[in-house]
Amino acid sequence: MLAPGSVLLPVPVPVPGPVTAAPLAPFVAAGIPAAGAENGDRRRKTPEQTAAWGGRAGERYDSCYHSACDRIDNVNQDVFGHYLRAIAGSVAVLATSTAD
């Protein structure tokens with residue numbers, strides 16, 4: 001929910017391509033439906049994203065991923081909440097899909 005007076009910015013968000021990263025790739029290769037949420041561990045911020053959300057263009061979305069600062073006390077709770085909702089949406093799509 002947005003705070004009163006908040007404005008949504010039209011910032012392009014990358015759309016993941018085919019699922020090729022572990023651990024989902026073997027399921028997809030075997031024809032088993034799989035879904036997930038992009039966490040940005042391998043992607044880098046664009047100048048437009050930097051202007052909207054801060055940070056520096058060219059830096060990884062999560063500079064702490066698999067580093068010493070990747071600790072539970074360093075989790076951005078707002079981002080974590082969005083991520084959990086994305087995962088729940090993925091589960092809902094898989095649970096209600098009638099596709100073969």
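Helices (H or I, at least four residues) and strands (E, at least two) are DSSP runs, numbered from the N terminus. The legends below describe a predicted model, in which local features need pLDDT of at least 70 and side-chain atom pairs count only at pLDDT 80 or more, while totals for chains, interfaces and linings use all residues. Residues are numbered from 1 along each chain as its sequence is written, and side-chain values use heavy atoms, with hydrogens and water left out.

**View 1. Helix α1 and F27.** F27 sits in helix α1, which spans residues 25-29. With a relative accessible area of 43%, F27 is partly exposed; the classes are buried (under 20% relative accessible area), exposed (over 50%) and partly exposed (in between), with a 1.4 Å probe and protein chains only. Leaving aside residues up to four places away in sequence, F27 touches I32 and A34, where a contact means heavy atoms within 4.5 Å.

**View 2. The disulfide of C64 and C69.** A disulfide is a pair of cysteine sulfur atoms within 2.5 Å, and by this rule the count is one. The bond joins C64 to C69, with an S to S distance of 2.0 Å. The torsion about the S-S bond is about -115°, so the disulfide is left-handed. C64 is buried at a relative accessible area of 13%, whereas C69 is partly exposed at 26%.

**View 3. A nonpolar surface patch.** I72, V75, F80 and L84 form this patch, with about 380 Å² of accessible area together. Patches are made of residues with over 30% relative accessible area and no salt bridge; like charges are joined within 9 Å, and nonpolar side chains (Val, Leu, Ile, Met, Phe, Trp, Tyr) within 5 Å. A salt bridge is a side-chain nitrogen of Lys or Arg within 4 Å of a carboxyl oxygen of Asp or Glu. Accessible areas come from the Shrake-Rupley method with a 1.4 Å probe, and for residues only the protein chains shown count as cover. V75 lies in the loop between α2 (47-53) and α3 (77-96). V75 counts as partly exposed, at 30% relative accessibility.

**View 4. The chain as context for the close-ups.** The chain has three helices and zero strands, in the order α-α-α from the N terminus. Of its 100 residues, 9% are buried. The chain exposes about 8,000 Å², and carbon and sulfur atoms supply 61% of that area. Among contacts between residues at least 6 apart in sequence, 43% join residues at least 24 apart.
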